[in-house]
Amino acid sequence: MELEQALHTARALVLADLAAADVAEADTVSLVEDAVTHRRWWVEQWPQGAAFVTGLVAQDVQDALLDRYGRWPLCPLCGDDVDGGPHALDVEPELGEDPHWVCTLTATAVAPVGRLGASA
C-alpha cells in the first residue's frame with residue numbers, strides 16, 4: 001500500500017506543478033503516466049526508495065519535456081537574463097526525501113515539488 005500511495009502522491013504533485021505552469025495538456029499528462037509506470041517498477045525492486053519517488057518522477061517528466069518541448073519549469077527568479085534566455089529549475093535533492101524546485105544559479109529553493117503554483 002505504501003508503494004501505491006507514494007506513486008499516487010508523486011503523480012498528483014507533478015500534475016499540480018504542470019497545471020501551475022499551464023502545461024498540463026494530454027500529451028504532458030501522458031509523460032507523467034509513463035514516468036509513474038517506470039518508477040513503479042523501480043520502487044518494486046527497491047521498496048525503501050518509495051520516499052524518493054516524487055522527486056524522481058518530477059525529474060523524469062522534466063527530462064521528457066526537455067526532449068520534446070523545452071525547459072520546464074522555468075525559473076521565476078532569474079527571468080530571461082541568464083545566458084540569453086530562461087533556465088529551468090532543478091529538483092533537489094536528486095535522490096532524497098522532500099524534493100524542492102531549486103534555482104541552482106542563486107541556490108534558492110523556489111517551492112516544494114507540487115507547490116509551484118503556491119509560490120507565485
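**Fold, cysteines and backbone features of the predicted chain**

At a relative accessibility of 18%, D60 counts as buried, and this residue belongs to helix α3, which covers residues 53-68. When residues up to four places away in sequence are not counted, D60 touches A35, H38 and R39. These values, like those that follow, were computed from a predicted model.

The secondary structure of the protein chain comprises three helices and three strands, and these elements follow one another along the sequence in the pattern α-α-α-β-β-β. The radius of gyration of the protein chain is 14 Å, close to the 14 Å that the globule rule gives for 120 residues, so the chain is as compact as a globular protein of that length. Along its principal axes, the C-alpha trace spans about 45 × 30 × 25 Å. Of the 120 residues in the protein chain, 42% are buried, and among the contacts with a separation of 6 or more, 49% are made by residues 24 or more positions apart. The accessible surface of the protein chain amounts to about 6,600 Å², and 51% of this surface belongs to carbon and sulfur atoms.

The cysteines were examined next. A search of the whole structure found zero disulfides, a result that can be followed through individual sulfur atoms, given that a disulfide requires a pair of cysteine sulfur atoms within 2.5 Å. For C75, the closest cysteine sulfur is that of C103, and because the distance between the two sulfurs is 3.7 Å, they are too far apart for a bond. For C103, in turn, the closest cysteine sulfur is that of C78, and this distance of 3.6 Å is also too far for a bond.

P76 is placed in the loop between α3 and β1, the latter strand covering residues 90-92, and with a relative accessibility of 55% P76 counts as exposed. Leaving aside neighbours within four places in sequence, P76 is in contact with L89 and V110. The C-alpha atoms of P76 and V102 are 10 Å apart in space, although 26 residues separate these two positions in sequence. V110, one of the contact partners of P76, is placed in strand β3, which covers residues 108-112. In contrast to the exposed P76, V110 counts as buried, its relative accessibility being 17%. V110 and C75 are 35 residues apart in sequence, yet the distance between their C-alpha atoms is 8.3 Å.

Most residues other than glycine have a negative phi, and most peptide bonds are trans. Against this background, the peptide bond from W72 to P73 is cis, with omega near -15°, and P73 is placed in the loop between α3 and β1, the loop in which P76 is also placed. A cis peptide bond likewise joins E92 and P93, where omega is about -5°. P93 is placed in the loop between β1 and β2, and strand β2 covers residues 100-103.

A positive phi was found at D22, which is not a glycine and for which the angle is about 60°. D22 lies in the loop between helix α1, covering residues 2-20, and helix α2, covering residues 26-45, and this residue is exposed, with a relative accessible area of 64%. A107, also not a glycine, has a positive phi of about 55°. A107 is found in the loop between β2 and β3, and with a relative accessibility of 65% it counts as exposed.

Definitions and conventions. Residues numbered from 1 in each chain as written. Predicted model: local features only at pLDDT ≥ 70, side-chain atom pairs only at ≥ 80, totals over all residues. Heavy atoms only, no water. Helix = DSSP H or I, 4+ residues; strand = E, 2+ residues; numbered from the N terminus. Rg over C-alpha atoms; globule rule 2.2 N^0.38 Å. Buried < 20%, exposed > 50% of the residue type's maximum accessible area, 1.4 Å probe, protein only. Contact = heavy atoms within 4.5 Å. Areas by Shrake-Rupley, 256 points an atom, 1.4 Å probe, with all protein chains shown as cover.
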